[in-house]
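Subject: Structure handover

Hello,

Here is the structure for you to look over. My notes on what turned up follow below.

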Amino acid sequence: TNTNQKFSELLHNINSHGYSDAVKEFLENDRESEYRFNKKEGAIAFRAINKNSTRCLVLNSDLGNIPENLSQMFDEIYSLESDNDKLLIQKSRFQENKIDNVVLVRSIPNSLPFPDNHFDLIVLNGIKIKKQDGISKEKILKSLNEIKRVLNTNGCLCAGLQNKRGLKALQKKTEEEMDYEDYLDVFDVYNSLFDSLGVKVEPYWVLPSHNEPHYSGKIVDDVSLKWFFQNFDKKLRVDTKYKIAGMFLKLLNKSTRKSVLENFCSSFVFYCYKDQHPKTIENMIIEKTGFKNLIQNVRLTKVLYFLLDNNGNPKKVVSCEPTKYDLTERISTVNRIFPNMKNPDEKIIIEEWLSGTALDRLDDNDVKLTMKWLTDFQTSTMSEVLSIQDIEKEITSVKKDLDSIEAMNNLPYDIWLNEYKEELKDKKLKKTAVHGDFQIRNILIDHEKSVVNVIDWDWRYQEKGNPIYDFMWLATNVMMLSNNPKEEYYSNYTKTGKATKSIEIIKDAMEKHFKVNLDFKKLQRFMLLRFITIRVKQGDDGHLLYVDILKILF
């Protein structure tokens with residue numbers, strides 16, 4: 001098929017030009033496949049993590065998202081895939097990202113080359129059946145029993161399955177035909193399949209899909225489901241189709257919510273326990289916080305849990321590092337009052353829920369409120385002058401990281417770094433506290449109170465940092481937020497885009513605040529260079545988009 005041919009060509013390019021450059025070129029022609037190269041999208045099994053995290057098996061592992069995500073949490077990962085090209089792509093991916101605890105296995109799930117009771121966790125990424133065998137419930141049950149055989153007594157089978165009736169707008173289709181086809185069915189049939197296996201089943205909804213598990217919750221938890229339906233259009237806000245769906249979902253009552261979910265949710269995840277139901281990280285959060293209504297939200301570097309009271313009001317947010325747990329960890333409380341903004345060195349933290357909707361980049365009032373918050377925050381946290389030595393130190397650090405990134409080889413970043421230094425060296429800017437990821441989704445506007453609430457303070461926070469960072473990163477985010485970020489950025493760069501006025505508001509606020517004229521282009525180039533190094537360290541291919549944006553600023 002065309003898809004098989006594309007992956008064959010990708011593999012050839014990887015062998016010729018290296019993983020990063022080959023994937024960058026591949027995604028330039030196929031942006032729809034970007035999610036398949038992002039370890040964040042492999043977070044399907046996080047809630048099943050327990051203290052037995054030694055050996056894990058991923059079935060139908062595709063291009064390696066799930067194995068890479070779990071490589072941070074398990075000692076050994078076995079990545080099983082029937083397609084040899086996909087396995088070889090994974091091999092290059094893991095070598096590039098210095099991941100050495102993944103074993104690649106070419107096989108099919110029907111006959112697993114492992115002993116009984118071998119795995120603590122098995123992730124089933126869709127059910128695939130050999131075309132020549134034909135699809136029947138008996139054959140699927142036989143395949144599931146084979147999976148059950150190699151699962152240990154306290155183990156969990158985590159099955160991500162697409163809903164045959166699910167909203168097509170939210171589903172990602174891989175379209176490989178090869179010798180296999182996906183078995184697709186509806187919620188009740190999947191549920192009865194797992195029941196007949198003799199396992200303890202916990203079903204969850206997941207959106208946009210099990211391949212992109214950004215939001216998920218228990219099917220039986222109507223309290224959290226009601227809140228999510230009320231906020232559906234805010235959580236999936238880029239595309240108009242989500243807003244239309246959100247208007248409909250707000251009208252549903254309890255019985256119709258569950259029915260609509262089971263019929264039209266794009267994917268489900270079934271957590272199936274062979275015998276004992278071991279204590280999981282999600283159980284631990286419920287036990288230690290006293291909240292039983294949860295929604296999981298997967299971010300690039302963490303997994304969040306929104307905790308709701310019995311009336312469906314969000315009260316707390318728990319943030320978990322994607323790492324190994326023994327479930328004796330404490331949940332550390334954070335109250336963000338300067339200078340104690342940074343997360344403590346704990347795997348799990350809990351903080352108060354902050355109300356509001358994400359900044360609307362096209363709403364002048366939202367942008368002005370945000371600028372007032374940022375300038376007030378910087379004024380109240382101002383310290384010593386940002387010296388030429390400070391600027392040289394950050395340039396040296398960024399340059400060192402850029403030198404090892406293949407995708408940067410043909411860009412004159414040495415010149416750009418020097419231009420940035422020349423731009424700032426005589427400006428006498430004062431250091432301030434820096435959020436570090438000051439972007440749209442982390443800025444919540446409480447319109448009732450005309451208050452800005454800023455969330456997601458993590459390792460990028462600095463108590464004394466470069467004050468241009470938060471201005472420039474927000475401006476960049478505003479310029480490119482869309483389903484086609486490159487095109488959107490270009491339109492705003494040439495002052496023909498929808499966000500042109502918002503960028504002028506940010507520029508004006510920045511220059512009034514610093515009381516100097518600044519070369520926006522030179523500052524933005526440096527911000528992009530710096531952010532590319534951050535994304536590479538986080539181990540995904542997200543930096544490639546920012547390389548493309550830099551070419552517009554050539």
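**Overall picture**

Buried residues make up 58% of the 554 residues in the protein. Please keep in mind that this is a predicted model. The secondary structure comes to 19 helices and 20 strands.

On size, the radius of gyration is 24 Å. A compact globule of 554 residues would come near 24 Å, so the two agree. The C-alpha trace spans about 75 × 60 × 45 Å along its principal axes. Take the contacts with a separation of 6 or more: 73% of them join residues 24 or more positions apart.

The accessible surface is about 23500 Å². Carbon and sulfur atoms own 47% of that surface.

**Charges and salt bridges**

The protein has 82 positive and 82 negative charges. Their mean positions are 3 Å apart. Side chains of opposite charge can pair when their charged atoms come close. How many salt bridges does the structure hold? The count is 40.

- Lysine 512 and aspartate 508 form a salt bridge, with the closest N and O atoms 3.2 Å apart. Both residues lie in helix H17, residues 500–514. They are four residues apart, about one turn of the helix. Lysine 512 has 59% relative accessibility, over the 50% cut-off, so lysine 512 counts as exposed. Aspartate 508 is partly exposed at 39%.
- Lysine 399 meets aspartate 403 in a salt bridge of 3.2 Å, N to O. Lysine 399 is partly exposed, at 30% relative accessibility. Aspartate 403 is also partly exposed, at 40%.
- Glutamate 423 pairs with lysine 427, and the closest N and O atoms of this salt bridge are 3.8 Å apart. Glutamate 423 has 11% relative accessibility; the cut-off for buried is under 20%, so glutamate 423 counts as buried. Lysine 427 is partly exposed, with a relative accessible area of 21%.

There is also a network of salt bridges. It links Arg299, Lys302, Asp437, Asp456, Asp458 and Arg460.

**Backbone points to check**

Most residues other than glycine have a negative phi, and most peptide bonds are trans. The following places depart from that pattern.

Which peptide bond has an omega of about 0 degrees? The cis bond that joins leucine 207 and proline 208 does. Proline 208 sits in strand E8, residues 200–209.

A cis bond also runs from phenylalanine 338 to proline 339, with omega near 10 degrees. Proline 339 is in a loop. That loop lies between strand E14 (331–333) and strand E15 (348–352).

Now for positive phi. Lysine 98 has a phi near 55 degrees, a positive value in a residue other than glycine. Lysine 98 lies in the loop between helix H4 (84–96) and strand E3 (102–106). At 75% relative accessibility, lysine 98 counts as exposed.

Leucine 327 has a positive phi too, near 65 degrees. Leucine 327 belongs to the loop between strand E13 (314–320) and E14. Is leucine 327 buried or exposed? At 10% relative accessibility, leucine 327 counts as buried.

Best wishes

Terms used. Residues numbered from 1 in each chain as written. Predicted model: local features only at pLDDT ≥ 70, side-chain atom pairs only at ≥ 80, totals over all residues. Heavy atoms only, no water. Helix = DSSP H or I, 4+ residues; strand = E, 2+ residues; numbered from the N terminus. Rg over C-alpha atoms; globule rule 2.2 N^0.38 Å. Buried < 20%, exposed > 50% of the residue type's maximum accessible area, 1.4 Å probe, protein only. Contact = heavy atoms within 4.5 Å. Areas by Shrake-Rupley, 256 points an atom, 1.4 Å probe, with all protein chains shown as cover. Lys, Arg positive; Asp, Glu negative; His and termini not counted. Charge placed at Lys NZ, Arg CZ, Asp CG, Glu CD. Salt bridge = Lys/Arg side-chain N within 4 Å of Asp/Glu carboxyl O.
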